[in-house]
Amino acid sequence: MIRITDKSLCCGCTACVNACPVQCIVMRRDREGFDYPVANPDICISCGKCETVCPVLNPQSESDPLAVFAARSEADMEGCSSGGLFPMLAGKYLQEGGVVYGAAFMADMTVGHADVTDSAGLERLKGSKYVQSDLYAVFEEVRDLLEDGKRVLFAGTPCQIAGLDNYLGGRKGNLLAVDVACHGAPSPGLWEKYVAAYEKRSGGRLCRVSFRDKSESWRQYSVKYDVLSDGVVKSHRVHKMDDPYMALFLQDMTLRPSCYSCPARNGRSGSDLTLADLWNVSEVAPEFDDDRGASLVLVNTDAGLRMFDALVRDGLKTVPADFGTGRKRNAGFDAALTMPEKREEFFKGVHSAEDLIGYMSSFVVRKTLFRTVYEKVHTFLAVIKKKLLR
Ligand SMILES: Cc1cc2nc3c(=O)[nH]c(=O)nc-3n(C[C@H](O)[C@H](O)[C@H](O)COP(=O)(O)OP(=O)(O)OC[C@H]3O[C@@H](n4cnc5c(N)ncnc54)[C@H](O)[C@@H]3O)c2cc1C
C-alpha cells in the first residue's frame with residue numbers, strides 16, 4: 001500500500017490512484033497546496049499495484065535522444081510559449097480524428113488536464129501554465145480510448161508521462177506521449193490563493209492568464225492578466241520578474257518537493273518527443289533569432305521521429321542541433337535543482353498572510369541594477385527590431 005512519508009518521493013502523477021482495483025486511494029491536499037495519494041487501509045487488498053506503477057519507485061534509466069532539432073511552426077506561434085510545436089502537433093492529431101490531452105485553465109482559473117477533439121478547443125491547451133495540473137481521472141480515460149483503437153496525443157510534464165506509461169504497462173502504438181522540458185511545477189493551492197488575492201486587489205474576476213505573453217519580447221516575456229470588471233475586460237501586463245508569482249516560480253521557491261530530485265527528467269519519462277524553449281537560439285539557430293520564440297525538440301523514439309518527419313513535410317522549419325549545445329542555459333535539463341533555503345519559511349507564512357501579494361513580493365530576490373538596466377535595454381531593442389521587421 002502506498003504511504004507517503006517523504007514528500008520528495010511523490011511527484012503526484014496519480015498513477016497509483018488510477019491503478020488501484022478497489023479505488024482505495026484518493027488525492028489529498030497538503031498545507032503547501034500540493035496533492036498526495038492517501039490509501040484507505042480498511043479497503044486496501046494489498047495487491048501492490050499502486051507501488052508497481054509509481055515512477056518514483058520504478059524510475060526509467062536516463063537516455064539520450066535519437067535526434068535534436070531547433071524548430072518552429074510559423075503558423076502556430078501565437079499564444080504558445082516557444083516555437084509553436086505543441087499546437088502544430090495537436091492540430092495534426094485532431095485533423096486525423098485523434099484526441100489530444102493537455103493542460104488547460106478551467107473556468108475558476110484552476111489548471112487541469114482536458115481532452116480536446118476539435119481545433120476550437122485547442123486554444124485552451126496552448127501555452128505553459130506554471131501550476132501543477134490536476135490529472136483528475138484522465139489516465140483511465142486515455143486507457144479506454146486506446147483500447148477502443150483511438151489515436152491519442154498526451155502532453156504533460158515528464159513525471160506525468162512517466163506515470164501514464166507505468167499505468168498503461170508499456171507503450172501502446174496509438175499513443176504519442178509528449179513532454180515539456182520542466183524544471184518544476186508550482187503549488188496549485190498557492191495559485192488558487194494568488195488568484196483570490198489578485199481578484200480582491202483588482203476588484204474584478206480573472207478570466208484569462210497568459211504566463212508567457214511574448215507580444216513585446218519572447219526572452220523578456222510578461223505575465224498577462226485579463227480581468228473582467230463591470231462587463232469590461234481589462235488587460236494588465238507585468239514583466240516576468242516584477243510579477244511575484246512568476247518570479248518565485250523562476251527562483252524555484254514554489255515547486256513541488258519532488259521536483260528538486262525529479263525522477264523523470266532527462267530522458268527518463270519515456271516520452272516520444274520533448275519540447276523545450278531554445279534560449280540560446282542565437283548560438284544554435286540564428287535564423288530563428290528574432291525574439292518571437294523558438295523550440296528545442298528532442299526526438300526520443302522511432303514513433304517520435306515518424307511524427308517529426310510528418311511535421312517537416314507539413315512545413316515545420318528545422319535546424320539540426322546537438323544535445324549538449326541545445327540544452328545549455330536551460331534549467332529544464334539541469335540534473336537537480338537546489339531547494340531555496342527560505343522555501344519552508346515561505347510556505348509557512350502563506351496561510352497567515354493578510355496581503356498575499358505583498359508577502360510573496362517580500363521573498364523575491366531583487367534584481368541588481370545592472371540586470372534591471374540590461375533587461376530594459378533588451379526589451380526596448382527587441383520592440384524596435386520587431387517594428388523594423390514588420
Ligand atoms: C511547469 C512547467 C515548467 C517548464 N519549465 C521549462 C524549462 O525549465 N525549460 C524549458 O525549456 N521549458 C520549460 N517548460 C516548457 C515550455 O514552457 C513550453 O511549454 C514548451 O517549450 C512547449 O511550447 P510550445 O510552444 O511547443 O507549445 P505550448 O502551446 O506552449 O505548449 C502547451 C502544452 O504544454 C503542456 N503544459 C502546459 N502547462 C502545463 C502544466 N501545468 N502541466 C503539464 N503540461 C503543461 C500542455 O499539455 C500544453 O497544452 C515548462 C513548462 C511547464 C508547464
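A: Happy to! One definition to start with: buried means under 20% relative accessible area, exposed means over 50%, and partly exposed lies in between. Also keep in mind that this is a predicted model.

Q: Thanks! Then is Phe139 buried or exposed?

A: Phe139 has 0% relative accessibility, so with a cut-off of 20% it counts as buried.

Q: And what ring does Phe139 pair with?

A: Phe139 forms an aromatic pair with Phe154. The pair is edge-to-face, with 6.2 Å centre to centre and 70 degrees between the planes. Phe139 sits in helix α5 and Phe154 in strand β6 (residues 152–156), 15 residues apart, and the pair links distant parts of the chain.

Q: Is Phe154 buried or exposed?

A: Phe154 is buried, at a relative accessible area of 0%.

Q: How many aromatic pairs are there?

A: The count is 23 aromatic pairs. One of them joins Tyr130 and Phe249, whose ring centres are 4.5 Å apart with the planes at 25 degrees, so this pair is stacked.

Q: Where do Tyr130 and Phe249 sit in the chain?

A: Tyr130 is in the loop between α4 (119–125) and α5 (138–147), while Phe249 is in helix α8 (residues 244–250). They are 119 residues apart, so to speak a link between distant parts of the chain. Tyr130 and Phe249 are both buried.

Q: Which residues do ring pairs link into a cluster?

A: The cluster holds Phe105, Tyr130, Trp191, Tyr194, Tyr198, Phe211, Tyr225, Tyr245 and Phe249.

Q: Which charged side chains lie over the face of a ring?

A: Lys7 lies over the face of Tyr36, 5.1 Å from the ring centre. Arg212 lies over the face of Tyr221, at 4.5 Å from the ring centre.

Q: New topic: how many residues does helix α10 have, and what distance does it reach?

A: Helix α10 (residues 302–313) has 12 residues. From its first C-alpha to its last it reaches 17 Å, close to the 16 Å expected at 1.5 Å a residue.

Q: Which residues of α10 are buried?

A: They are Gly304, Met307, Phe308, Ala310 and Leu311. Looking down the axis of α10, these buried residues fall within an arc of 155 degrees, so they line one face of the helix.

Q: Why might spacing matter for which way residues point in a helix?

A: An α-helix has 3.6 residues a turn, so residues three or four places apart point the same way.

Q: What do the buried residues of α10 pack against?

A: They pack against β3 (67–72), α3 (85–95), β7 (175–180), β11 (273–277), β12 (295–299) and β13 (317–321).

Q: And which exposed residues are on the face turned away from the buried side of α10?

A: That face carries Asp302, Arg306 and Arg313. Just after α10, Gly315 takes a positive phi of about 115 degrees.

Q: What about residues other than glycine with a positive phi?

A: Asp252 has a positive phi, near 65 degrees. Asp252 is found in the loop between α8 and β11, and at 15% relative accessibility it counts as buried. Tyr136 is not a glycine either, and its phi is positive at about 45 degrees. Tyr136 lies in the loop between α4 and α5 and counts as partly exposed, at 39% relative accessibility.

Q: On to cysteines: how many disulfides does the structure hold?

A: It holds 0 disulfides. Cys13 is in none, and the nearest cysteine sulfur, that of Cys11, is 4.3 Å away. Cys13 is buried, with a relative accessible area of 6%. Cys24 is in no disulfide either, with the nearest cysteine sulfur, that of Cys20, 3.9 Å away. Cys24 is buried, with a relative accessible area of 6%.

Q: Last one: where is Val111, and what does it touch?

A: Val111 is in strand β5 (residues 111–116) and is buried, with a relative accessible area of 5%. Leaving out residues up to four places away in sequence, Val111 touches Ala103, Ala104, Phe105, Lys129, Val131, Gln132, Ser133, Asp134 and Trp191.

Technical notes. Residues numbered from 1 in each chain as written. Predicted model: local features only at pLDDT ≥ 70, side-chain atom pairs only at ≥ 80, totals over all residues. Heavy atoms only, no water. Phe/Tyr/Trp six-rings, centres within 6.5 Å; stacked < 30°, edge-to-face > 60°. Helix = DSSP H or I, 4+ residues; strand = E, 2+ residues; numbered from the N terminus. Buried < 20%, exposed > 50% of the residue type's maximum accessible area, 1.4 Å probe, protein only. Lys NZ or Arg CZ within 6 Å of the ring centre and 35° of its normal. Expected span 1.5 Å × (residues − 1). Arc of directions from axis to C-beta. Contact = heavy atoms within 4.5 Å. Disulfide = S-S within 2.5 Å.
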